[in-house]
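Open the model in your viewer and keep the selection tool at hand. We will go from stop to stop, and at each one I will say what to pick and what is there.

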Amino acid sequence: MLLSGLDEEMLSGLHGDAVSLSMRILVQTGRMLGAHALIDIRSAHIDGCLYHGDSGALFAEKLVSFNAKVRVPTTLNVGALDLLHARNDRFDPAARDMARRMMSAYVAMGCQPTWTCAPYQAGHRPRLGEDVAWGESNAVAFCNSVLGARTNRYGDFLDICAAITGRVPQYGLHLISQRTATVLIDATQLSRAFLKDDIAYPILGAWLGAELGARVAAFKGLGSPSEDQLKALGAAAASTGAVGLFHVIGLTPEAATESQAFGGKHPAEIIIVDEAMLSSARAALSSIVLHPGDAISAVAIGSPHLSAPEIRALDAAVAGRRCQVPLYACTSRHSLSIVKREGLEDRLKSLGIIFVADTCIVVSPILPAGSGVLMTNSGKFAHYTPANTGYDVVFAGLRECVESAIAGTCQL
Amino acid sequence: MSAAMNVNLAVLVPTAPSRTVVGRAMHLIEPISFWGGVSPADGLLSDPRSVRFGQSVADRVLIVRELRGSSSASSVLLELVYKRLAPCAIILSAADAILALGVLIANEMGWPAPGIFELSSLQQETIPDGAIVSIDTHGVAFFEGSG
């Protein structure tokens, strides 16, 4: 791998121990992946700030002890703690202390305390064609697909190493040749009514991820889904698969035409998707089958974090009624500050909605201890809830989720 | 008939400190995300949908056909290393930067960590599930296979 003079300097320790450690990690990773060089990045989004145990906190503190500072604008993904609503978790005091130390370490390195998995809806929107280093699988999918900025699926720790050096290995989705689709998803068989409903997008995403793994697909005939619908699709696809980029022909920035999406080549594979094919993907998003009237323990929405428009949609669906079981609404402090000004936060809180900011219910022990049944409209929550919380999960649309929270029982 | 067999693995990240490791082979056939798939608290496979739910990856030669999902796999592996609950070696079917990072960071922290190796999914099948496998510093894996 060819290193620039500055890369060599950074590696040598001339720019301090944090920079040389970070450069060592980048060089080893780049060599492993067969990259020929490192390239500059314009910004970073760090997923490594989430507490999974003491090791990650100790690493972050080691970087701080080396006086690490980020070189590019850097936002932070969720941490383990809701810093705005301290009552919200069941961590033991020692773990909470380590989680807080970890969050503090990343802020000490100069990262912005955004604490959201939807940084793209909290003011961090890289431009078309920019190289960036983003972590968090849904954020990566959105950044590549919807914004047209270029990032690989950076794992925890490589993200901060990239931010500290401003460099990443030149491979994968940084290369234009890797960004064109190989698989055409023909969605013209799907009804307009299905595609109009928000529930279509986490289902399509879950199906896509399971079908594709890490290949790049382009949708034809999907119409013009909203930003929040594309967000839901990408998050689900990046949960069930390793999808880092997808195109929607006629909508997303690198797919004005089918020819552009495929780089002028023919698709290697064409899949005609119909609603029957999606029904098993939908079924796989629930771990149990519930019938109308069956008890549920809680409802959770907001993975990725709710945007302000999604909180307004929640408010409209609740329509002033009180929830009988907790409805957890996970969002960013950025979106929360917007709806707070509109009076939505106080109103929804008074109706039994529990706002969770800076974190969420699958990364932090927030749901009541034990087991139960969680209902969600998020493909990502549906995918990770059984393993991460011990709860069973039932996937449904926003309307059904809200009606169930208000009734206290399943309203499918 | 059982016979002594060996296969050459590509070394993605060497075992640290450099040594021969020995462990029982554990095949993960279904795609796995380490985050959400392995508990960093106890090293047990944590997805109730997995056929190996509840089994431990600690000290195993973990043979992974396909990685999926979260970019936090590196954090989970680092935590397993820190708690001494990591596999003794991980054999992937294709190079993966995310998982390898857990080991690279462990090396920077001075914590003994498993090597990461690459072997095609077809060749992975030559290693029987449950076989005792030793992997030397050059990435040669020795095991009893059906010959």
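Predicted model: local features only at pLDDT ≥ 70, side-chain atom pairs only at ≥ 80, totals over all residues.

Start by selecting A:Ala236, which counts as buried because its relative accessibility is 1%, under the 20% cut-off. A:Ala236 belongs to helix α9 of chain A, residues 227-240. Beyond its neighbours within four places in sequence, A:Ala236 touches A:Pro202, A:Gly205, A:Ala206 and A:Gly379.

Next, colour chain A by domain: domain 1 covers 5-173, domain 2 covers 180-284 and domain 3 covers 298-407. The C-alpha centres of domain 1 and domain 3 of chain A are 27 Å apart. To their contact, domain 1 of chain A gives 26 residues and domain 3 of chain A gives 24 residues.

Move on to A:Thr29 in helix α2 of chain A, residues 17-33. Is A:Thr29 buried or exposed? With 0% relative accessibility, A:Thr29 counts as buried. Leaving out neighbours within four places in sequence, its contacts are A:Leu158 together with B:Ala97, B:Leu101 and B:Leu104 from chain B.

The crossing of α3(A) and α3(B) is left-handed. Show side chains here: A:Leu58, A:Phe59 and A:Lys62 of α3(A) meet B:Ile105, B:Glu108 and B:Met109 of α3(B). By class, this contact holds four nonpolar and two charged residues, with no polar ones.

The last stops are about the backbone. Most peptide bonds are trans, and most residues other than glycine have a negative phi. With that in mind, select A:Ser303 and A:Pro304, joined by a cis peptide bond with omega about -5°. A:Pro304 sits in strand β10 of chain A, residues 298-306. In chain B, a cis peptide bond links B:Ala16 and B:Pro17, with omega about -10°. B:Pro17 lies in the loop between β2 (10-13) and β3 (21-28) of chain B.

Finish with two residues of positive phi. A:Asn67, not a glycine, has phi of about 65° and lies in the loop between α3 and β3 (74-76) of chain A. A:Glu136 has phi near 80° and is in the loop between β4 (133-134) and α5 (137-147) of chain A. A:Asn67 is exposed, at 59% relative accessible area, whereas A:Glu136 counts as buried at 9% relative accessibility.

Definitions and conventions: Residues numbered from 1 in each chain as written. Chains lettered and ligands numbered in written order. Heavy atoms only, no water. Left-handed = near helix turned anticlockwise from the far one by under 90°. Helix = DSSP H or I, 4+ residues; strand = E, 2+ residues; numbered from the N terminus. Contact = heavy atoms within 4.5 Å. Nonpolar A, V, L, I, M, F, W, Y, C, P; charged D, E, K, R; others polar. Buried < 20%, exposed > 50% of the residue type's maximum accessible area, 1.4 Å probe, protein only. Domains from an automatic or database assignment.
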